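Hi,

Here is the structure I promised to pass on. Please have a look at it, and then read my notes below.

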Amino acid sequence: MKEDKDLSETPAFKYCRESRVFKTGRVFPNDVNNHKTLFGGKLMSGIDEVASISAMRHCRANVVTASADSVDFLLPIRPTDSVCFESFVTWTGRTSIEVFVKVISEHLYTGERAVAATSFLTFVAVGEDGVPLPVPNIIPETVEEKLMNQSAEERAELRKVRRAMSKKLASQLNTSKYWEQNSPIQ
Ligand SMILES: CC(C)(COP(=O)(O)OP(=O)(O)OC[C@H]1O[C@@H](n2cnc3c(N)ncnc32)[C@H](O)[C@@H]1OP(=O)(O)O)[C@@H](O)C(=O)NCCC(=O)NCCS
């Protein structure tokens, strides 16, 4: 299958619902930390996985994760819970796609459900050459979709500031091997 994108096929807009992804799983003994709650890295991996599917459903092209604003672990998830990852596209720039992920835990004995974690990630659509590609605009319909969409511009501005700060910080870091002679870190 040809992986590069014919831009003439890109629609002007898509609905949030077209990118919705749901994935429910169990918490197995290998997935927990010393407190017997879901390991943070496992949760983050699940978040990145569903979010990338949402982003690709939106643009029907390859995407790379540009950033994850935050992962807020609101409640512990235990082996007696199921864990459902739900994601959808909330906002788009020219080539970037913001995806919101909501993680819902459900106690399997009582049926009690709670939002255990939330996250916003940004993906960039890229062609085979790695160059960013334009993406369709997004149309929110539900109350939750509109809520996320209305607050997105503000998050995008904060991201720009953070990106500039990260670049500045990276330019001040060294990459030398500290164990080598004449390393600046002595
Ligand atoms: C993300 C990446 C493609 C951006 O490429 P670039 O040449 O810097 O492109 P630009 O500066 O033109 O930015 C392209 C878009 O990405 C957005 N972007 C770039 N870095 C970003 C960041 N850290 N957070 C959020 N958005 C970001 C820009 O705002 C721009 O969005 P817009 O077109 O909607 O306005 C590039 O930095 C990259 O490849 N990073 C590594 C990605 C990666 O390896 N991810 C993990 C594995 S998938």
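This is a predicted model: local features need pLDDT of at least 70, side-chain atom pairs count only at pLDDT 80 or more; totals for chains, interfaces and linings use all residues.

Residues are numbered from 1 along each chain as its sequence is written, and side-chain values use heavy atoms, with hydrogens and water left out.

The ligand is surrounded by 13 residues (a residue counts if one of its heavy atoms lies within 4 Å). Among the closest are Thr65 and Arg163. A ligand nitrogen sits 2.9 Å from a polar backbone atom of Thr65, and a ligand oxygen is 2.8 Å from a polar side-chain atom of Arg163. By class, the shell has four nonpolar, six polar and three charged residues (charged are Asp, Glu, Lys and Arg; nonpolar are Ala, Val, Leu, Ile, Met, Phe, Trp, Tyr, Cys and Pro; the others, Gly among them, are polar).

I count 14 salt bridges (a side-chain nitrogen of Lys or Arg within 4 Å of a carboxyl oxygen of Asp or Glu). In one of them, Arg155 and Glu98 bring N and O to 2.8 Å. Arg155 belongs to helix 3 and Glu98 to strand 5, so this pair ties together parts 57 residues apart in sequence (helices are DSSP runs of H or I, at least four residues, and strands of E, at least two, numbered from the N terminus). Arg155 and Glu98 are both buried (under 20% relative accessible area, 1.4 Å probe, protein chains only).

Best wishes

Definitions and conventions. A polar contact is a pair of N or O atoms within 3.5 Å; within protein, one must be able to donate a hydrogen and the other to accept it, and residues adjacent in sequence count only if both atoms are side-chain atoms. Buried means under 20% relative accessible area, exposed over 50%, partly exposed in between (1.4 Å probe, protein chains only).
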